[in-house]
Amino acid sequence: MSFRDFASRRQSRRQILSGASILAGAGLAAGAGYQMAQRATAASALPHAHAVPIDHIIVACQENRTFDTYFGYYPRAGAFGVPTGYGQPDGNGGIVAPHHFLLPISGDPSHTWQSIHSEWDGGKMDGFYKTDGKTALGYYDGSNLRYYYALADHFTLCGHYFASVLGPTVPNRLALWAATSGGTTVDSVGLGTLDYPTIVDLLDAHHISWKCYNLGLGNGTFDDLEHFNALALFKRWQKDARLTADEEDYYRDLKNGKLSQVSFLITESLISEHPPADINTGQDKMAEIINALIASSAWTRSAMFFTYDEGGGFFDHVAPPQLDAYGPGHRVPTLVISPYARRGYLSGQFYEHSSILKFIERRFALPSLASVNHQFDHATPGSNNDAAHGTATGPAFSPRDGNPRLGDFYEAFDFSQNPNYHPTLPSV
C-alpha cells in the first residue's frame, strides 16, 4: 500500500475520539491590567474545520532565542516573564543576574545536545551560566524589539510554547515538519538522506497546496551549513520545485492572489537572528514579510505562526514538561498573527512545534503524522542519537502531533472577530 493510499484512509474511531478530546488552555487574557485568567476550551464547541475562515496558513521560523531572551521583560508578560530577583548560580556559591544586551549582536552560546542538557539540568534550569557563561544571560526588550512587541500587543503571544528537542537546530527543524526528529540529536544530517512522513506528505495526499519561500539571499534550503528547511533532508522532497520559491515569488503570489494553502518561510543566516547576526536585520525582514501579508487580499483568510527553532543556549526560567527522552526543549518566542488571533492575548496553553502541525491537520481534516508513521516506536533505533543513556543510538520518539497534552492553537483564535483588522505597527 502506498503512503498516499494509507494517508487517505479514514481514521479509526479511536483516533477520531482522540482528536475530539477536550483541550485545556490556561492563558493570560488581555484586558484592564492584563489580569490572569483561566481559559478552558472544549474542542467540540469550536467551529468544524471546514467552517473555519482560514484558507492560508503560513509558518515562519527564526533561530536560537528563548522566550526570556526576547519576551522575559515584555511589560505584559505577567507570570510568564522573568521573576523578580531571578538569577543563575555561578558555580562558586554566587548568583548572576540577567543583563540587557547593549548591541543588536551577541556571542553564540553552545547549543549542542550536551550543552542544552547541561543548562536544563534535569529540569532545574540552573545550568545556563555554568555551561555558557555571561552571554547566556543576555536579553533584549522593547527598546530593541519594537516591532515584535507590537505584534504581541495586537495578536497572540504564546507563553508556554517550547522547542521540540533539548538540542540544536536540525532536530528541531525536523520536528517542525515531521513532529519527530527521527532519532536525530545533532546538526550533521545529509541532504536527501531521510525517509519518513512529513506534513507535506499529508498535504500532497489530500491535495492541499503548499510552497516554501526562501527569504533574503535565498540559500536557506540547500546550504549544507544551515539546514533551515528540513524538507531538503528528505529523499522524496530534496528536488521538489516547491522548495525553491524566493522572496519575490512570495510578494508576487500575495499580489496575484495565488498564495498556497500552506506556506513555509525559509530564513537564511544574515536574517535568521542566529548569533552573531544582527537581530535588527532579522526583525526588519520579518516586518516586511508580515506587513505585506497584512496589506494583501489574503490577510482576512490567513493565519501565520511565527516561532523560533530552539533556544540557542540562552536562558529561560520555565522547565519544559517532558514527554519523552528528547524533550520538549526550552521555551521559544511564538506569535499567532491573524485577524482572528485573540488580540493582546498571552496564551498559557502547552505548545511545541508539533502543535503547528496539529493546527494544519485539524484545519484541513488530515490524519495525524502519528497515525501514519509506524517507523518510530519505542524499539526503533535512530541515528545520530545519544538520548539512550549517552549511547550513540537510541529509540526515535513517535510523532507528537497525536499527543492530547499538546494544544493545536484553536484556543488562540476568536473566529467571531472582524477580519478587516489592520493594526498600526511600527515602521521598519
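Q: What average pLDDT does the chain have?
A: The model is predicted, so local features need a pLDDT of at least 70 and side-chain atom pairs count only at 80 or more, while totals for chains, interfaces and linings use all residues. Residues are numbered from 1 along each chain as its sequence is written, and side-chain values use heavy atoms, with hydrogens and water left out. The pLDDT is the predictor's confidence in each residue, from 0 to 100. A score of at least 70 is reached by 85% of the residues, and the chain average is 87.

Q: What percentage of the chain counts as buried?
A: The chain is made of twelve helices and 18 strands. Taking contacts between residues at least 6 apart in sequence, 82% join residues at least 24 apart. Of the 428 residues, the buried share is 59%.

Q: Is α6 roughly parallel or oblique to α10?
A: Axes are lines fitted to C-alpha atoms, for helices over the stretch in contact, and angles run from 0 to 180 degrees between N-to-C directions. Angles under 35 degrees count as roughly parallel, over 145 as roughly antiparallel, 65 to 115 as roughly perpendicular, and the rest as oblique. The axes of α6 (residues 146–154) and α10 (residues 279–295) come within 9 Å and cross at roughly 40°. That angle makes the relation of α6 to α10 oblique.

Q: How many nonpolar residues has the contact of α6 with α10?
A: From α6, Arg 146, Tyr 147, Tyr 148 and Leu 151 meet residues of α10 that include Gly 282, Met 286 and Ile 290. Ala, Val, Leu, Ile, Met, Phe, Trp, Tyr, Cys and Pro count as nonpolar; Asp, Glu, Lys and Arg as charged; and the others, Gly among them, as polar. Beside three polar residues and one charged residue, the nonpolar count is six.

Q: Where does Leu 151 lie, and which residues does Leu 151 touch?
A: Leu 151 is one of the buried residues of α6, along with Tyr 147, Tyr 148, Tyr 149, Ala 150 and Ala 152. The buried residues of α6 pack against α3 (67–71), β8 (156–158), α10, β13 (302–308) and β14 (335–337). For Leu 151, relative accessibility is 0%, and its C-alpha is 9.4 Å from that of Arg 343, 192 residues away in sequence. Leu 151 lies in helix α6 and, leaving out residues up to four places away in sequence, touches Ile 290, Leu 335, Ile 337 and Leu 425.

Q: Is the crossing of α7 and α11 left-handed or right-handed?
A: Helices α7 (residues 169–178) and α11 (residues 353–363) pack at about 15°, with axes 7 Å apart, which means that α7 is roughly parallel to α11. Residues that meet here include Trp 177 in α7 and Ile 356 in α11. A crossing is left-handed if the near helix is turned anticlockwise from the far one by less than a right angle, and right-handed if clockwise. The crossing of α7 and α11 is right-handed.

Q: What is the relative accessible area of Glu 273?
A: Glu 273 is in the loop between β12 and α10. Although not a glycine, Glu 273 has a positive phi of about 70°. Glu 273 is buried, and its relative accessible area is 0%.

Methods
Helix = DSSP H or I, 4+ residues; strand = E, 2+ residues; numbered from the N terminus. Contact = heavy atoms within 4.5 Å. Buried < 20%, exposed > 50% of the residue type's maximum accessible area, 1.4 Å probe, protein only.
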